[in-house]
Every structure is written in structure tokens, then in C-alpha cells.
Amino acid sequence: MAGELWVSTFSLAGVVLGGALTAFTQRAAQRSADRAEERRRLSATAETRRSEQVQAIQEFLACAQLAEQAAYSRPKAWGADEDGWMTRAKEVMTKLWTADRGVALLCDPALEAPARVYGRALNQAVWREIGDVEVNEHLEEHKNAFMVAARASLALI
């Protein structure tokens, strides 16, 4: 009878130990799967965020290019809306400032100041607030500063 009691006790202990090991293994597997899913989610979020930032920078650069074209095509005589140039220039500058706010909203805060300075330089060039300085001379430093900051901002992601 004592032998049967020991056999039953060892059998019960084996069942308890097996159940505990199974529960531990399932918990470890679930935690590992949860961590992997969290990494995938964070990676997808980061990629989406980077894509939004690249899009904001591209939009700003496209608007900056339009503003630069407006600055080069500005009529010499200032006055009436020469063939609609002023109307087009105002639209271009509105788009530029909207794109600038997109950069400020979506991108690294370190990119906001160079975008704003470049935008102001473009605004000065469009409305000829640069005196006798050539448009490209006036814009080059600001454009380069923005590009360097944009590259650095995108490299952080």
C-alpha cells in the first residue's frame, strides 16, 4: 500500500510539474510573440512617419522651386498685375508657406528654422526685397542650409 502511495504521489508531482512547464513555455512563447508584434508595429509606424516626412520635404522643395521660378520671371516694371504674374506669385507663396507649416508639423524640430529662413529668402526674392543681389546668390546659402538640415533630419529616422 505504501508503494502505491509513492507511485501516486510521484505521478501527481509529474503532472503538476508538466503542467507548470507547459504553462511557463506558453507564457514565454506568448511574450516573445507580443514583443515581435510590438517591434513590427513600431517599425511600421516609423516607416510611415518617415514617409510622411519625406513627402513634407518634397512638397516644400516643389513649392520652393515654383517660388524661385516666380522670382526669376518677375517683370521689371512694378505696378499692375503684369499678365497675372502677381496673382500667380501670391498663389505660389501661399503654397510655400503651407508647405513650410507641413515641415514644421511633421519633421524634426531642427528642420523648422532652416525651412522658415529659406522660405523668407524666397519671399524676399519673389518680391524683389533683395536689392541688386542676384536671386541665386541670395538663395544659395539658405537653400544649402535647408538641404543639409533635411538630410540630417532624415538620417535620424
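Among contacts in the chain between residues at least 6 apart in sequence, what percentage join residues at least 24 apart? In this predicted model, the share is 73%.

The secondary structure of the chain consists of four helices, with zero strands. Read from the N terminus, the order of the elements is α-α-α-α.

The overall dimensions were computed from the C-alpha atoms. Along the principal axes, these atoms fill a box of roughly 115 × 25 × 15 Å. The radius of gyration of the chain is 32 Å, whereas a compact globule of 157 residues would have a value near 15 Å.

Burial and surface composition were examined next. Of the 157 residues in the chain, 27% are buried. The accessible surface amounts to about 10,500 Å², and carbon and sulfur atoms account for 59% of this area. As for charge, the chain carries 19 positive and 21 negative charges. The mean position of the positive charges lies 5 Å from that of the negative charges.

One residue was considered individually. Val148 is located in helix α4, which spans residues 135–155. Val148 and Pro114 are 34 residues apart along the chain, and a distance of 9.2 Å separates their C-alpha atoms.

Conventions:
Residues are numbered from 1 along each chain as its sequence is written. This is a predicted model: local features need pLDDT of at least 70, side-chain atom pairs count only at pLDDT 80 or more; totals for chains, interfaces and linings use all residues. Side-chain values use heavy atoms; hydrogens and water are left out. Helices (H or I, at least four residues) and strands (E, at least two) are DSSP runs, numbered from the N terminus. The radius of gyration is taken over C-alpha atoms; the globule rule is 2.2 Å times the number of residues to the power 0.38. Buried means under 20% relative accessible area, exposed over 50%, partly exposed in between (1.4 Å probe, protein chains only). Contact means heavy atoms within 4.5 Å. Accessible areas come from the Shrake-Rupley method with a 1.4 Å probe; for residues, only the protein chains shown count as cover. Lys and Arg count as positive and Asp and Glu as negative; His and the chain ends are not counted. The place of a charge is taken as NZ of Lys, CZ of Arg, CG of Asp or CD of Glu.
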